[in-house]
Amino acid sequence: MSITVRVPAKVNVQLAVGAARPDGFHDLANVFLAVSLYDEVTATPADELRITCSGPDAGQVPLDTTNLAARAALALAARHGISPDVHLHIAKDIPVAGGMAGGSADGAGALLACDALWGTRASRDELLAICAELGSDVPFSLVGGAALGTGRGERLTPLEVGGTFHWVFAVADGGLSTPAVYGEFDRLVAGADVPAPAASAALLDALRTGDTALLAGALVNDLQPAALSLRPSLADTLAAGTAAGALAGLVSGSGPTTAFLVKDEDAARTVADALLASGTCRTARVATSPAPGATQIRT
Ligand SMILES: C[C@@](CO)(OP(=O)(O)O)[C@H](O)COP(=O)(O)OP(=O)(O)OC[C@H]1O[C@@H](n2ccc(N)nc2=O)[C@H](O)[C@@H]1O
Ligand SMILES: Nc1ncnc2c1ncn2[C@@H]1O[C@H](COP(=O)(O)OP(=O)(O)O)[C@@H](O)[C@H]1O
């Protein structure tokens, strides 16, 4: 028997970043929105813990116990005193190291798949606690939809979304390391007074009412200057997307994927084609939000 779980990518429609904490993390007001690009994690009984991965970017995914899917299986097995013998196959469609939480998606997906396969019947709270141990973004991958993440991003408050938003994602060549981008943020704000992060009322209104134009005006990412500093060519991608008619563009999380909010499906196709033709990205993906969180799709 195998269990397959589908898990969405995310975009941060607001990422407000506070000063570095003593533990090295940053307090956030992180407004997550799940988007319709998905990885699938399939768990199958095996003699030992084994990870495989397929998809165009599979070569960039670690297959050892640093893989978040492996770490999820190990964490669940340890809590329940069972052995973590399972084959986890990741069908990867989310860009790797792209600021879209692909690794976090696989962690949440593996956790749900192993829980179903092993019959451990962990409560939602236990699953969320394991997710938070695995990484700041992993709880949101489990929950999906839209949520405000506070603390280091792991404490979630679900948000209402009143409509469908259309996106184009410009995928860059290569990735950006999340710790390196936070490190560059620290360097750029050194000596300045960094305000405590807070969610924007206008942005929450835009989500609640499903108002695309309002959301376009409220998108903000405090990590964007750091990502642009480490990867200046992203400015060309952002310019190409807005020149092609996107309502707004921003770096997705720590980047280097850039996200463009567009009016509708037709505009999405136009902007995606123009981004590809501009030569400023490796590929362009069209998606909608919100998308559901980790969901079992096959037994
Ligand atoms: C920036 C964001 C925005 O959603 O995601 P990505 O764009 O990378 O996907 C997140 O904050 C990334 O979350 P995640 O990738 O889960 O980070 P973690 O594994 O918990 O931490 C990796 C490293 O990122 C830095 N980090 C992460 C979260 C946070 N609130 N403050 C930090 O300073 C720390 O250097 C930490 O050691
Ligand atoms: N299942 C996984 N898929 C992708 N990357 C993973 C996975 N597990 C661990 N990683 C590591 O996490 C790093 C960040 O990858 P990813 O989660 O895709 O990006 P981001 O943190 O920018 O959203 C990768 O470079 C890789 O070394």
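Domain bounds here come from an automatic or database domain assignment. That assignment gives domain 1 (3-159) and domain 2 (165-289), with 22 Å between their centres, taken over C-alpha atoms. The model is predicted: local features need pLDDT of at least 70, side-chain atom pairs count only at pLDDT 80 or more, and totals for chains, interfaces and linings use all residues. Residues are numbered from 1 along each chain as its sequence is written, while chains are lettered from A and ligands numbered from 1 in the order in which they are written.

**Domain contact**
- Domain 1 puts 29 residues in contact with 34 residues of domain 2 (contact: C-beta atoms, placed from the backbone, within 7 Å).
- On the domain 1 side, strand 1 (3-20), strand 2 (26-45) and strand 5 (146-150) each supply at least two residues. Helices (H or I, at least four residues) and strands (E, at least two) are DSSP runs, numbered from the N terminus.
- That side of domain 1 divides into 21 nonpolar, seven polar and one charged residue. Ala, Val, Leu, Ile, Met, Phe, Trp, Tyr, Cys and Pro count as nonpolar, Asp, Glu, Lys and Arg as charged, and the others, Gly among them, as polar.

**Ligand 1**
- Ligand 1 has 20 residues around it, of which Gly135, Ser136, Asp137, Arg152 and Gly253 come nearest (near: C-beta atom, placed from the backbone, within 6 Å).
- Both domains give residues to this shell, so ligand 1 lies between them.
- Strand 1, strand 2 and helix 5 (178-189) each supply at least two shell residues.
- By class, the shell has six nonpolar, 12 polar and two charged residues.

**Ligand 2**
- Of the 20 residues around ligand 2, the nearest are Leu68, Ala97, Gly102, Gly103 and Asp106.
- Domain 1 and domain 2 each provide at least three residues of the shell.
- Helix 1 (68-80) and helix 2 (102-118) each give at least two. Helix 2 has the largest share, four residues.
- The shell splits into nine nonpolar, 10 polar and one charged residue.

**Helix 1 against helix 2**
- The two axes come within 7 Å and cross at roughly 35 degrees. Axes are lines fitted to C-alpha atoms, for helices over the stretch in contact, and angles run from 0 to 180 degrees between N-to-C directions.
- Residues of helix 1 including Leu68, Arg71 and Leu76 meet residues of helix 2 including Gly103, Asp106 and Leu111.
- This contact has eight nonpolar, four polar and three charged residues.

Methods:
Contact = placed C-beta atoms within 7 Å.
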